[in-house]
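Hi everyone, thanks for coming.

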Amino acid sequence: QVQLVESGGGLVQAGGSLRLSCAASGRIFSIDNMGWYRQAPGNQRELVAAITRGGVTNYADSVKGRFTISRDNAKNTVYLQMNNLKPEDTAVYYCNGRATASYYTAYVTYWGQGTQVTVSS
């Protein structure tokens with residue numbers, strides 16, 4: 001079993017910055033894709049940014065140029081640097097990762113518990 005634990009959420013004024021972290025722990029042989037999703041009240045969960053093990057990134061159009069995703073493979077940790085935050089970025093942010101416990105087992109997708117990000121105007 002793998003656990004993903006997010007940290008770094010909070011309340012910030014518009015134009016401010018936050019850095020989210022997500023650390024994976026447990027029985028991990030390898031983690032390939034990792035990502036950040038968010039869900040605002042009344043909305044579906046949406047992809048914010050994703051990164052492959054090799055560092056290839058993908059961003060939602062709404063955050064391009066403002067958010068940066070990165071990872072530390074040695075620490076099984078993914079980060080999301082969020083700059084120039086806007087009130088519409090307010091949501092619960094979830095970490096996501098595909099991990100396997102051994103060379104012979106299939107990858108499974110895991111989710112963190114979520115961290116609240118609130119941007120005031």
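This is a predicted model: local features need pLDDT of at least 70, side-chain atom pairs count only at pLDDT 80 or more; totals for chains, interfaces and linings use all residues.

Let me start with Asn-76: its relative accessibility is 21%, so this residue counts as partly exposed. Asn-76 sits in the loop between β7 and β8, and its phi is near 50°, a positive value in a residue other than glycine.

There's another asparagine to look at. Asn-84 is in the loop between β8 and β9, and here too phi is positive, about 50°, although the residue is not a glycine. With a relative accessible area of 41%, Asn-84 is partly exposed.

Now to the cysteines. How many disulfides does a search of the whole structure find? The search turns up one. Cys-22 and Cys-95 form it, with their sulfur atoms 2.0 Å apart. Cys-22 belongs to strand β3 and Cys-95 to strand β9, so the pair links distant parts of the chain, 73 residues apart. The angle about the S-S bond is -80°, and the link is left-handed. Are these cysteines buried or exposed? Cys-22 is buried, at 0% relative accessibility, and Cys-95 is also buried at 0%.

The largest nonpolar core has 29 residues, and Trp-36, Leu-80, Met-82 and Tyr-93 touch the most other members. Several strands each supply at least two residues of this core, among them β1 (2-7), β4 (30-39), β8 (77-82) and β11 (115-120). Thanks, and I'm happy to go back to any of these spots.

Terms used. Residues are numbered from 1 along each chain as its sequence is written. Side-chain values use heavy atoms; hydrogens and water are left out. A nonpolar core is a set of buried Ala, Val, Leu, Ile, Met, Phe, Trp, Tyr and Cys residues joined through side-chain atoms within 4.5 Å. Buried means under 20% relative accessible area, exposed over 50%, partly exposed in between (1.4 Å probe, protein chains only). Helices (H or I, at least four residues) and strands (E, at least two) are DSSP runs, numbered from the N terminus. A disulfide is a pair of cysteine sulfur atoms within 2.5 Å.
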